[in-house]
Amino acid sequence: MAPEKSPDQNKGNSGYKYEGLCDTSVQGLKKNIIRHVMSSQGRDPERVGKGDIYKALAFTLRDIMTEKWINTQKSYYEKGKKRVYYLSLEFLIGRSLHNALINLGLYDQVEQAVRELGYDLSALAEEEEDAALGNGGLGRLAACFMDSIATLKIPAYGYGIRYEYGLFNQQLIDGYQVESPDNWLRYGTPWEFERKIPVFPIHFYGHLSTYQNGNGQYRVRWVDTEDVVAIPCDFLVPGYKNDHVINMRLWTARASRELDLSSFNRGDYISAVKSKVSSETISKVLYPPDHNLAGQELRLKQQYFFVAATFQDIMRRYKKKYHNFDKFSDRVAVQLNDTHPAIAIPELMRLLLDEEGLTWERAWDVCIHTFAYTNHTLMPEALEKWDVDMVGRVLPRHLQIIYEINQRFLDLVKLQYPGDEGRLRGMSIIEEGEVKKIRMAHLAIVGSHSVNGVAELHAKLLKENIFPALNEFYPGKFNSKTNGITPRRWLLLVNPELSKLISSRIGSGWVTDLDQLVNLEPLVDDKSFCSQWQDIKIRNKKKLAALILMRCGVEVDPHSMFDVQVKRIHEYKRQLLNCLHVIRLYHQFIRHPEERREQQRTVIFAGKAAPSYWKAKRIIKLINSIADVVNNDPRVEGQLRVVFMPNYNVSLAESIVPAADLSEQISTAGTEASGTGNMKFALNGALTIGTLDGANIEIMEEVGEENIFIFGVTAEDAEYERLNISRSPQKIYEENRVVRDVMDSLREGAFSRGDRELFQPLVESLMSPQDPYLLLRDFESYLDCQERVGKAFGNQEQWTRMAILNVARMGKFSTDRTICEYAKDIWGIPVEKKV
């Protein structure tokens, strides 16, 4: 059916507005599902299974979103709006089905439609693979941002890479992490559009030639390059019940030449496809190992590949209306999500200088006003640095431009601080040494008009500890934008019963205005409400207990405290500290059986370690070894359980978060930029045990010190301890019998079948005076805090009260608030109204 022409509402060049082309009634949905079974999959509707119906339903929802997306895009062009381009190497979106249903407001209709077709909606949802487009908090934050951007009707796009393989599938074999490929696209995905246009050539290697243009200006050509083609794949992101749909454009690499016929005709079939395989490796795998030069080069090529494709797309869109660059930064805002896309700065300079003929001064002014940079880490090893020689080989023109940026920047520094060579070396984009490196964070700071941390403490440490000289040189450039989470996925979707209870008492306005949760506070004295709250928590825990039994073969008691630490495995996140406490609990259970009932716990771990991070992988082995001993000791009588749930991803988090009683946020103070897991758990009624790190501080300020369990040294104290060591690990070991018992059992092989060598490296790191993560220094405080946790959980009435107050006071931690701050303070885009 052709769309009806609407002269009064002329949209775009066609004059058409697409409305009502997709029937969203129950009967209409059923009809479209059956249509997609036949037309999109070539299947007989009478001979299909759950997988076929899931795909047909996804295609149906994509049709609905496409109609809204077309109208959204036309409104951007019609109103001439400034647009935001959010560049991120990760978008950890998880599954799309339930999220689309909730945001489109079609959950009930679709549930009825598939039921009438003979299927269960929850079973269909299990057919969907998690989209393996990210690894951890960085990618999940980007996904939450896309949801809030769409819900707030901000004209924006997400740009990244469409990875064919995710990080890896994690298996546990004899307690060890074993990696296998995460081929999430082996059957394709119904949620994407692979576009035939626009496609863009991306250049690598080659060499430079110089010439003078007609005006006598020095110009550079980048010639004899090896080229790859960037193919766009669009994933649609619906706002919440507002008919506004945006897209993430993720790039796939294709060879510029499919087959070398001369090699093929000689019978050299491997060489015939070598170029194709090499080119397409760029978008194959998320985070290829970088412990060798080939892996480092592939990472650099990935970063440049998606940045170069993105800027060609930005230029294409901008030039539809404008013929010079006077309004570029008034119409284009680019947010760099960490340093991964920072190569975009010299790429935009290259385009403006070499392709568009701007002067350096004009191009640099456009560049600075276009870019903003979000820093996500305080860990020095995570601040990317690239070998100068490698960049010069792969991207020769960009190295030239980076050196020119650096020289002009240092000239300004010299004017302000004449004769201060130490300051120049510290601020330089180029790190001098045996191997010269490009400091990508410095490049991002110099080339952006805004640099933001992701929590108040994080921003403070960036300014005072990590980049003090740059902060002094650029007063006002550094700022804080505390992270958040989308309440649509992380409460409404993952915890439907609790969401329904909340809405029954305070209305549903909280879904788009999380501050409204404060209206729950008076209900802490409502016995009926508190009883319903407790019942929902128990039902969520029973669901998780069933999942644990199915996946791990371990039976857990839903009435025990579910003590949860799920996140990337890293020394600074201190899963090892949690292990030490579990050992202490085990000792108590077998030595003081009369105290078991009060301390009854199920300790749940999940997370992946980087394949080359041997110490993190050894911590995973330790967790599983402790679980093997504890779970099989009859003296414990099942009242202490330890579980490591393998292959942690968004979907698993959605099962764990609503069931948690205690949220472990125990990183060493001053190491976690923000954290968003802390927010997800607190929003679902888990109480936090944590350090004064990242956003924990702001959560404490919001929920009240009496409703959170805080322990350990502050960030300032941690820095002092590293320099002065007021109490060494050896001294703590000698003075505290509990610490000594725990360490001795680990050292003597109590959890390794007598093998004293297996965990000796972990023992040595714990006992080292140079332990940068201060585990034993915080262990005593952690033990005392856990004692308070155990006693508090024993009083379920008080625990429930604290849980309700946590949820009621989480309004600050919505990404809707975060995105409003980005829009107002950084992008210069008005938010039409608070949704």
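A salt bridge is a side-chain nitrogen of Lys or Arg within 4 Å of a carboxyl oxygen of Asp or Glu, and a search of the whole structure finds 61 of them. This is a predicted model, in which local features need pLDDT of at least 70 and side-chain atom pairs count only at pLDDT 80 or more, while totals for chains, interfaces and linings use all residues. Residues are numbered from 1 along each chain as its sequence is written, and side-chain values use heavy atoms, with hydrogens and water left out.

Select Glu129 and Arg186 to begin: they form a salt bridge whose closest N and O atoms are 3.0 Å apart. Glu129 has a relative accessible area of 35% and Arg186 one of 45%, and both count as partly exposed (between buried, under 20%, and exposed, over 50%, with a 1.4 Å probe and protein chains only).

Finish with Glu432 and Lys436, whose side chains meet in a salt bridge at 3.6 Å, N to O, and colour Lys436 by accessibility to find a partly exposed residue at 37%. Side chains of opposite charge can pair when their charged atoms come close.
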